[in-house]
Amino acid sequence: DIDFNNRRITVCGKGNKERIVYYGAYAEEILKEYLQTHKNNENYLFINSKGGKITTRGVRFIIDKIMDRLSIKIHVTPHVLRHTFATDMLNNGCDIKVVQELLGHSTLKTTEVYTHVTNERLKEVINDDMSVYLKGLEDGKEKMKECYDSVYKSRCLKAIEYLKECK
C-alpha cells in the first residue's frame, strides 16, 4: 500500500509483520518512474520477470549484478546493507529508538547489536582528536591547545552522555 501524500509504504516484512517504510523526494521520483515502467501487481511492489513477488534470492542477484557492474569485489548482501544503514544512522547521531523503529525490531536489545560499532567509532574520533592535539603541541600552537581543550572536553562529555544512553 503506497501513500504518496505522506511518502510512506506499508509492507509485510519478516514474520508477516506489517511495517511502515518512509521515503524521501528522490525515492518518490524513482518510485513513480518504476510504477510507470513495470507491470502492475496488486499484491507486490517489486516483482520478478514473471510478474510474481521478488524473492530474497532475487534481491541478492540484483545486488550482485550492481556490484559486478561497478567492478566492486566486496561481497555485499541485503543484510550488509541493512547493517551499514543502521551503523551509519547511529554514527551520525540518530536516536537508537528511531533506528529500532526503522529496522522493525520489537526489542531495543536487538538494535543494540549495532552500537558496538558506534562505540568503536567513538574511540576512533577521540584518538584522532588526540593525534591532532599532540601535533598542535609539537608545532607550538598554544591557540590550538586552548581550542582543542574546549572541543575535547565537549566531545568527552557528549561521549559520556552517549554511553550512558546506550546502557
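So, is T111 buried or exposed? T111 is buried, at a relative accessible area of 0%; by buried I mean under 20% relative accessible area, with exposed being over 50% and partly exposed in between, using a 1.4 Å probe and protein chains only.

Quick housekeeping before I go on. This is a predicted model, where local features need pLDDT of at least 70 and side-chain atom pairs count only at pLDDT 80 or more, while totals for chains, interfaces and linings use all residues. Residues are numbered from 1 along each chain as its sequence is written, and side-chain values use heavy atoms, with hydrogens and water left out.

Okay, the overall layout. The protein has seven helices and three strands, and along the sequence they run β-β-β-α-α-α-α-α-α-α. Those are DSSP runs numbered from the N terminus: H or I for helices, at least four residues, and E for strands, at least two. Of the 167 residues, 19% are buried.

Back to T111, which sits in helix 5, residues 108–111. Its side chain makes a polar contact of 2.7 Å with the side chain of H105. A polar contact is a pair of N or O atoms within 3.5 Å; within protein, one must be able to donate a hydrogen and the other to accept it, and residues adjacent in sequence count only if both atoms are side-chain atoms. Skipping residues up to four places away in sequence, T111 touches I96, V99, Q100 and H105, where contact means heavy atoms within 4.5 Å.

That brings us to helix 4. Its buried residues are I96, V99, Q100 and L103. They share one side of helix 4, because they span an arc of only 105 degrees around the axis, taken from the directions from the helix axis to the C-beta atoms. Over on the other side, K97 and E101 are exposed. At the start of helix 4, a side-chain oxygen of D95 comes within 2.8 Å of the backbone nitrogen of K97. After the helix comes G104, with a positive phi near 75 degrees.

The largest nonpolar core has seven residues: A86, L90, C94, I96, V99, L103 and Y114. That term covers buried Ala, Val, Leu, Ile, Met, Phe, Trp, Tyr and Cys residues joined through side-chain atoms within 4.5 Å. Helix 3 (78–91) and helix 4 (96–103) each supply at least two of its residues, and helix 4 gives the most, with three. As for L103, leaving out neighbours within four places in sequence, its contacts are R19, R82, F85, A86 and Y114.
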